[in-house]
Amino acid sequence: MGHQDIKFYQTGTFTVGNRLLPPEQRSVQADMERTNSLNSGHRACQGCGEALGARYAIDAAMRATGNRLVAVNATGCLEVFSTPYPETSWQIPWIHSLFGNAAAVATGVAAANKVKARKAGLALPETRVIAQGGDGGTTDIGFGCLSGMFERNDDVLYICYDNQAYMNTGVQRSSATPPAARTATTMPVGDEPGNEWGQGKNVPLIAMAHGIPYVATASVSDLRDLEYKVTKAMNMRGARYIHIFVPCPLGWGSASQDTIKLARLAKETGLFPVFEAEYGEVTNVSKIRQKQPVEAYLRLQRRFAHLFGKKPRLDVVARFQEMADQNIRKFGLLGSDRAAVGFPGSEHK
Amino acid sequence: MFQVRIHGRGGQGVVTGAEMLSIAAFLEGRHAQAFPSFGSERTGAPVVAFCRIADKEIRLREPVMQPDALIIQDATLLAQIDVFSGLETEGYVILNTHRSFEEMGLGELARRFRPERLVTIPATELALKHVGRNAPNVPMLGAFAAASGLISLESVASAIRQKFSGKVADGNIAAATEAYNAVKAAREVAHAQAV
Amino acid sequence: MLKQCEGSHAVAEAVALARPEVICAYPISPQTHIVEGLGEMVKAGEIQDCEYINVESEFAAMSVAIGSSATGARTYTATASQGLLFMVEAVYNASGLGLPIVMTVANRALGAPINIWNDHSDSMSQRDCGWIQLFAENNQEAADLHIQAFKIAEELSLPVMVCMDGFILTHAYERVDMPTQEQVDAFLPPYVPRQVLDPRDPVSIGAMVGPEAYTEVRYLAHAKQMQALELIPKVSREFKEIFGRDSGGLVRPYLLEDADTVVIALGSVLGTIKDTIDEMRADGISIGVLGINSFRPFPVSAIRRALSHAKRIVVLEKSFAVGIGGIVATDVRMAMDGLDQRIYTVVAGLGGRNITRASLHRVLRMAMHDQLEGLHFMDLEWNIVNRELDRERQTRRSGPIAENILRDLGQTKSNVG
Ligand SMILES: Cc1ncc(C[n+]2csc(CCOP(=O)(O)OP(=O)(O)O)c2C)c(N)n1
Ligand code: SF4
Ligand SMILES: [Mg+2]
């Protein structure tokens with residue numbers, strides 16, 4: 001499926017109307033034949049962005065690989081809600097090993113598939129592998145294995161479902177938790193309530209710095225873009241990384257029905273830039289359609305409630321706005337601006 | 001069982017020397033065991049390696065404490081450590097120097113051992129001449145083969161070929177051969193004098 | 001074919017003969033020569049249809065091994081010491097998942113203090129990790145055990161650790177009879193996995209198990225190890241049929257029949273002990289040795305059978321459980337439960353300290369006269385220990401122990417012995 005520049009939106013929802021498209025251009029999720037790789041009946045919370053993101057991503061990857069896909073899962077919500085034995089939501093070969101090693105286990109799967117393909121006289125393995133984990137399993141404990149997989153350019157697509165904290169263990173801070181956010185380990189007390197204002201760890205940019213073939217960010221609010229990126233990634237070989245923004249109603253204190261709305265606001269404020277990069281260079285950004293103030297995003301989440309309480313912290317909200325505006329400049333998210341990020345040293349290898 | 005202890009410095013091929021000796025003995029149908037005094041020695045530090053040769057399986061894993069032969073690849077070690085420790089009175093000593101034991105100030109010590117088993121050989125010069133590098137280990141083996149008669153020069157050459165190839169192997173074999181011949185010749189002279 | 005080569009080289013060749021499909025490793029002394037050798041063989045095309053992966057840590061090494069083994073590939077890795085500790089979480093995971101990975105542990109001491117020399121602390125720290133642990137007495141056996149390990153691992157769907165003494169074996173040149181490819185192919189069938197990540201027949205591997213079944217799953221891990229008690233000797237016999245020599249098995253007796261005193265040990269020190277015992281026998285002393293080849297599973301009945309007649313048992317081990325004493329000795333006590341025997345623990349060879357015949361003679365003679373304390377540290381320098389204890393009594397800020405001790409020892413002794 002090629003990338004479609006589709007201009008028409010259903011009023012109020014921004015959802016692309018599949019009904020208006022010819023069947024071959026409809027999303028994978030709209031397909032009656034979609035694999036439902038992560039089948040219904042799992043135990044995720046209502047409105048879980050991670051469950052949604054994983055289903056979108058894996059179904060798209062299944063279609064892209066002709067259903068020859070193996071998934072390696074890090075410990076975390078996705079793993080736990082999808083599988084207590086003997087039940088499993090997974091309709092594909094799936095393995096969970098540890099919290100911090102999904103990328104390396106996937107390297108092993110890829111290596112074994114490579115040998116099998118060679119023994120079968122095939123130039124390239126037919127069976128492909130995806131590693132997936134939460135932000136904690138990716139940006140913190142699994143970071144070493146992830147970087148190693150990138151550096152070796154192993155044939156693995158790694159997908160990070162970023163819900164911005166350790167949800168599985170009860171919402172503790174991770175290195176992807178935004179500043180000021182309330183988590184179980186960054187309580188809204190003291191002079192600087194919530195998570196500290198640090199540098200953050202931008203793993204998509206770090207992935208780009210490895211010069212790997214493909215890095216993208218995506219969001220559950222844009223199904224077609226997400227599917228397009230996964231499909232594109234599965235049509236490439238080597239190390240690939242997709243970082244998907246997945247709101248978590250439980251951890252964020254948001255309404256279950258606001259998951260998509262929050263994801264969209266994260267993009268439309270500029271707080272979560274949605275872009276693609278190849279070999280260290282940004283090649284495409286999803287423009288902000290209608291710029292929104294960060295407050296619209298923050299106010300929907302109890303984890304930021306302390307910013308709007310009895311003693312409002314408009315100064316902190318202003319810092320968020322600064323952060324969003326900086327992203328807008330850096331990635332050229334508005335109008336015809338161009339992205340100003342990239343690692344030009346890493347030419348195509 | 002015949003036990004050899006090789007002293008030298010990191011970078012002089014001490015361990016390789018012991019390994020080649022074991023290969024040479026193996027090629028003559030004997031059991032042999034070579035092992036280093038394991039450590040994280042860097043270039044220049046004192047290094048020890050061992051080789052045991054026997055006609056049956058060698059099970060012993062302790063370091064060689066009572067050597068039947070000492071191969072001293074670097075004479076500067078004499079001032080630093082007790083290289084002669086535990087040497088059997090019937091033992092052999094191969095010392096890398098162009099001087100004699102007397103000149104080295106080892107006259108006193110030499111009288112405790114059998115003089116014809118104490119051999120000096122300018123192995124570094126031979127190595128520089130034939131291999132172009134301070135790798136005295138191979139000429140030392142040539143000298144040891146000549147002095148002890150325990151292994152043949154041919155076996156030493158074959159062992160060299162297992163470790164090195166091409167020009168490096170040729171150079172090493174030339175160095176070993178020259179050392180071997182030098183020791184043989186010196187012994188014939190000594191023998192003639194004695195008679 | 002007979003060959004004079006380094007232990008690491010022999011092991012690398014043996015692993016290559018087993019036709020591994022994925023090899024991954026992270027370097028650590030004294031394992032390096034093994035994986036360097038294998039890396040070169042893969043690169044040179046001498047091992048065909050094999051992927052060699054230079055990973056970024058031991059944790060990744062075992063994780064890659066988990067992935068490839070679960071995908072049905074015959075998988076090998078190697079490590080030692082800190083590396084084994086660094087991969088522990090994945091080590092337990094591999095056995096829990098029942099993946100037949102084969103790993104060499106080039107036995108080395110654990111830090112702190114950092115020490116690269118041999119003892120058994122590393123693999124002993126993993127005695128409960130669910131892997132089968134086999135110990136090699138010499139390089140011939142190290143090579144042979146790797147070939148046997150793949151067969152045992154794959155038959156049981158359990159990972160196997162082949163433990164060989166770091167440096168003492170890995171870096172020693174000795175005679176090894178290298179098997180031929182035909183022999184190994186006849187002995188070791190291709191790997192047929194019990195579980196595999198295959199899109200044609202999808203399974204979920206590694207999901208959560210609650211209290212309702214966890215005990216049963218764990219019991220089955222134990223049951224598999226009990227099956228290994230039968231399988232290990234069987235594989236050793238099959239090995240003998242094809243290769244014509246004794247290698248592996250559960251235990252190996254030496255001059256045991258009429259021995260009043262029996263020494264128990266693992267690994268390469270058995271050679272030195274046997275030489276010592278020959279000398280003691282020549283002096284008319286009634287003594288023998290029992291080598292333990294399989295430490296996990298621990299061959300309780302084989303040991304009990306072999307030792308029931310002994311008056312006293314000396315367990316000589318290159319590791320110990322701080323705060324209690326012998327590790328192997330504890331297991332031996334369990335095996336000899338109810339019998340009236342003295343059981344001594346001798347801790348020796350820690351961090352590469354040489355185990356010499358002279359020391360063995362001394363300690364074993366003390367044991368024979370029942371003059372040995374229950375837990376004895378062979379060649380321990382008591383004056384050094386006491387000086388440090390004194391210092392700590394006298395000064396609060398006494399400083400780092402290891403540094404103090406080395407100062408007391410004076411200039412680092414030139415290490416001839
Ligand atoms: C080595 C290790 N440390 C800690 C844990 C506990 N743990 C399991 S999941 C998890 C948090 C997962 O967070 P994340 O990766 O963000 O995934 P999420 O649950 O948010 O989807 C933690 C801390 C573990 N399983 N293993
Ligand atoms: S806690 Fe969050 S990530 Fe986990 S299942 Fe619930 S909504 Fe999903
Ligand atoms: Mg998370």
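A salt bridge is taken here as a side-chain nitrogen of Lys or Arg within 4 Å of a carboxyl oxygen of Asp or Glu. In this predicted model, the side chains of C:Glu51 and A:Arg118 meet that criterion, with an N to O distance of 2.5 Å. The rule finds 4 salt bridges across the interface of chain C and chain A. To this contact chain C contributes 37 residues and chain A 38 residues. About 3000 Å² is buried between the two chains, and carbon and sulfur atoms account for 62% of that area. On the side of chain C, the residues that lose the most area to chain A are C:Asp49, C:Pro199 and C:Ser204, which together give 18% of what that side buries.

Within chain C, strand 7 (residues 160–165) is largely enclosed by the rest of the structure, because 6 of its 6 residues are buried. In a regular strand the side chains alternate between the two faces of the sheet. Accordingly, C:Val160, C:Val162 and C:Met164 lie on one side of strand 7 of chain C, and C:Met161, C:Cys163 and C:Asp165 on the other, so that both faces are covered.

Strand 7 of chain C pairs with strand 5 (residues 102–107) of chain C in parallel through 6 bridges, and C:Thr104 stands opposite C:Val162. Pairing with strand 6 (residues 132–135) of chain C is also parallel and involves 4 bridges, with C:Gln133 opposite C:Met161. Between strand 6 and strand 7 of chain C the path runs through helix 7 (residues 139–156), forming a right-handed β-α-β crossover.

Chain A is divided into domain 1 (1–34) and domain 2 (36–331), whose C-alpha centres lie 23 Å apart.

Notes: Residues are numbered from 1 along each chain as its sequence is written. Chains are lettered from A and ligands numbered from 1 in the order in which they are written. This is a predicted model: local features need pLDDT of at least 70, side-chain atom pairs count only at pLDDT 80 or more; totals for chains, interfaces and linings use all residues. Side-chain values use heavy atoms; hydrogens and water are left out. Domain bounds come from an automatic or database domain assignment. Buried means under 20% relative accessible area, exposed over 50%, partly exposed in between (1.4 Å probe, protein chains only). Helices (H or I, at least four residues) and strands (E, at least two) are DSSP runs, numbered from the N terminus. Two strands pair if DSSP finds at least two bridges between them. A crossover is right-handed if, with the strands pointing away from the viewer, the path from the first strand over the helix to the second runs clockwise. Contact means heavy atoms within 4.5 Å. Buried area is the accessible area (1.4 Å probe) that two parts lose on being put together, summed over both.
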